[in-house]
Amino acid sequence: MSLFRRRPRVDPPSGLEPGERVVAAATTADGGVLAVTNHRLVVEGEGAVRAPWHLVDGGGWRPESDELWASFVDGRDPGAWVLPDAGPVTMAFRERVQASVVLTEHVVVDRVNAARVVLRKDPRDDRLSVQTIYRQGADPDLPPLRHGVEEALARLAEHVGLER
């Protein structure tokens, strides 16, 4: 009798890019595949998605429902996938999202008007991009918020030597 349970083999997703490798993968409850690659989150089956890590805003593991969820910065709807045997997927997911974040600054005017300014790295080519993520209900045109975001953008650019 073995002390270690052998995880079922998960076939890699189709259409991997040159240089892309699977870090961790699991079968979804609907028989699809969720793969954490060095370049992106790939889900085949129900709730299919292919999102480079710099476009994954956040996410996490809901152990009570065996569900991995993710939100995105590019306007796509958040996703959630049931993984009956997640294995190392949850840790790999967290590590990949965090690895794409270079610097973050919070701008808060009041309880509603706030934003995160995030400098992210695309793992495919190490290109840097800046994202401004406004709190739900915030007014991006509110002068104090707009000014705070502009100052945060300038500071982040200066920290990494980006020209604005």
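Buried means under 20% relative accessible area, exposed means over 50%, and partly exposed lies in between, with a 1.4 Å probe and protein chains only.

I am reading a predicted model, where local features need pLDDT of at least 70, side-chain atom pairs count only at pLDDT 80 or more, and totals for chains, interfaces and linings use all residues. Residues are numbered from 1 along each chain as its sequence is written, and side-chain values use heavy atoms, with hydrogens and water left out.

**Entry: Leu128.** I looked up its cover. Leu128 counts as partly exposed because its relative accessibility is 32%. I found Leu128 in strand S10, residues 128-134. Strands here are DSSP runs (E, at least two residues), numbered from the N terminus.

**Entry: the patch.** Leu128 belongs to a nonpolar surface patch with Val102, Val130, Val160 and Leu162. Together they have about 320 Å² of accessible area (Shrake-Rupley method, 1.4 Å probe, only the protein chains shown as cover). Nonpolar side chains are joined within 5 Å, like charges within 9 Å.

**Entry: strand S9.** I checked residues 114-121. In S9, 6 of the 8 residues are buried. S9 pairs with S8 (residues 101-108) in the antiparallel sense over 7 bridges; strands pair if DSSP finds at least two bridges between them. Glu105 sits opposite Val117 of S9. A hairpin of 5 residues links S8 to S9.

**Entry: S9 to S10.** These strands run antiparallel, joined by 7 bridges. Leu119 has Val130 in S10 as its bridge partner. Their hairpin has 6 residues between the strands, and Asp126 in the turn has a positive phi of about 65°.

Note on methods:
Patches are made of residues with over 30% relative accessible area and no salt bridge: like charges are joined within 9 Å, nonpolar side chains (Val, Leu, Ile, Met, Phe, Trp, Tyr) within 5 Å. A salt bridge is a side-chain nitrogen of Lys or Arg within 4 Å of a carboxyl oxygen of Asp or Glu. Helices (H or I, at least four residues) and strands (E, at least two) are DSSP runs, numbered from the N terminus.
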